[in-house]
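Colleague: I am new to this structure. Please take me through one spot closely, then through what surrounds it.

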Amino acid sequence: MEIKNLVIEKNKGICTVKLNSPQTLNSLNADMLNELGYAFDQIGNDDEVSVVILTGEGKAFVAGADIAYMSKLSPAEAKKFSEDGSRLFRKIETMNKVVIAAVNGFALGGGCELAMACDMRIASEKAKFGQPEVGLGIIPGFSGTQRLARLVGLGRAKELIFTGLHINADEAYRIGIVNKVTSVDDLMEEASKIADKIISNSKIAVMYSKETINRGIETDIDTGISYESNMFGLCFASEDQKEGMTAFLEKRKPEFK
């Protein structure tokens with residue numbers, strides 16, 4: 001597939017994916033979703049990549065779905081558009097890499113939903129978050145009604161979705177949407193620092209941790225605990241477990257494979 005709307009760079013286990021359509025504020029249409037889907041398929045199969053940093057060019061991370069595109073959709077087409085976006089975001093959420101959203105600016109509607117599908121969110125002080133869909137006569141369509149409630153609780157999620165309010169980065173941090181707020185200039189450096197720290201740990205242990213957290217949050221606690229014990233046991237079949245514990249006992253840094 002020809003990539004027109006993304007800039008993709010790899011460096012020492014980190015793959016940076018930048019949405020690069022600043023003239024549309026990186027809005028999501030069928031072409032952008034297809035390119036993101038293709039890119040994440042390739043990254044998912046790339047053993048050299050451990051962490052993905054997703055960010056945007058210009059004033060926006062993603063300002064939302066493309067309203068001009070959506071305005072012409074039939075009900076059946078709108079349902080498919082929602083399904084396609086949610087399928088992509090679920091792919092990002094469950095892939096065997098850690099995905100960090102470096103939110104540089106507007107993350108509204110589909111942009112907020114895309115950020116929430118990532119494992120963590122680092123926001124610049126100029127970032128804005130919101131689900132303003134009700135002002136357009138629609139609801140969030142890329143799983144926003146589901147992920148926002150899981151992140152901030154029912155009451156906060158309903159307030160944000162029912163009112164359509166935009167919130168700044170500090171408020172997003174306060175209620176738990178973002179992990180950290182930085183200056184605009186420090187955003188990518190901070191995301192890279194977190195990525196480097198993740199890469200220094202056991203890749204298989206990080207991958208198992210992500211899978212266990214994702215599965216556990218979607219089930220009852222007893223089932224989640226049982227799944228955790230299974231994955232904990234599987235770690236002991238890996239070279240990383242042997243190297244990590246041996247290195248600890250020998251008082252040296254581990255060299256994970």
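Which residue has its backbone nitrogen 2.9 Å from a polar atom of the side chain of D46? Please start there and carry on.

Modeller: It is E48: its backbone nitrogen lies 2.9 Å from a polar atom of the D46 side chain. A polar contact is a pair of N or O atoms within 3.5 Å, where within protein one must be able to donate a hydrogen and the other to accept it; residues adjacent in sequence count only if both atoms are side-chain atoms.

First, the ground rules. The model is predicted, so local features need pLDDT of at least 70 and side-chain atom pairs pLDDT 80 or more, while totals for chains, interfaces and linings use all residues. Residues are numbered from 1 along each chain as its sequence is written, and side-chain values use heavy atoms, with hydrogens and water left out.

Back to the spot. D46 sits in the loop between α1 and β3. Helices (H or I, at least four residues) and strands (E, at least two) are DSSP runs, numbered from the N terminus. Is D46 buried or exposed? D46 is buried, because its relative accessibility is 18%. The cut-offs are under 20% relative accessible area for buried and over 50% for exposed, with partly exposed in between (1.4 Å probe, protein chains only). Leaving aside neighbours within four places in sequence, D46 is in contact with K10 and K97. Contact means heavy atoms within 4.5 Å.

S50 lies in the loop between α1 and β3 (51-56). S50 is buried too, at 19% relative accessible area. Beyond residues up to four places away in sequence, S50 touches G13, K97, V98, I199 and K203.

In soluble globular proteins, nonpolar side chains tend to be buried together.

Take L28. Not counting residues up to four places away in sequence, its partners include L19, L33, L36, V62, F81, F89 and F142. G64, A65, D66 and G110 also touch L28.

F89 lies in helix α3. F89 is buried, with a relative accessible area of 0%. F89 and A117 are 28 residues apart in sequence, yet their C-alpha atoms are 5.6 Å apart in space. Past its neighbours within four places in sequence, F89 is in contact with residues including L28, G110, E113, L114, A117 and R147.

The largest pocket holds about 580 Å³ of space. On a 1 Å grid over the protein atoms alone, a pocket is an open set of points with protein on both sides within 12 Å along at least five of seven lines, a cavity is a set where a 1.4 Å probe fits but cannot get out, and lining residues have an atom within 4 Å of a point. Points are joined across faces, edges and corners, and a volume is the space filled by probe spheres set on them.

The pocket is lined by 22 residues, and E93, M116, C118, N214 and I217 lie nearest its centre. α3 (75-94), α4 (110-117), β7 (120-124), α5 (144-152) and α9 each supply at least two lining residues. The largest share, 6 residues, comes from α9.

There is 1 cavity of 30 Å³ or more. The largest cavity holds about 30 Å³. Its lining is C112, F129, G130, Q131, L148, L160, I167 and I177.

A disulfide needs a pair of cysteine sulfur atoms within 2.5 Å. The structure holds 0 disulfides. C118 counts as buried, at 4% relative accessibility.

Finally, the later helices. G224 is in helix α10 (residues 221-235) and is buried, at 13%. The C-alpha atoms of G224 and N214 are 9.5 Å apart. In helix α11 (residues 239-249), D240, Q241, E243 and A247 are buried. The buried residues of α11 pack against α9 (203-217) and α10. Just after α11, K251 takes a positive phi of about 55°.
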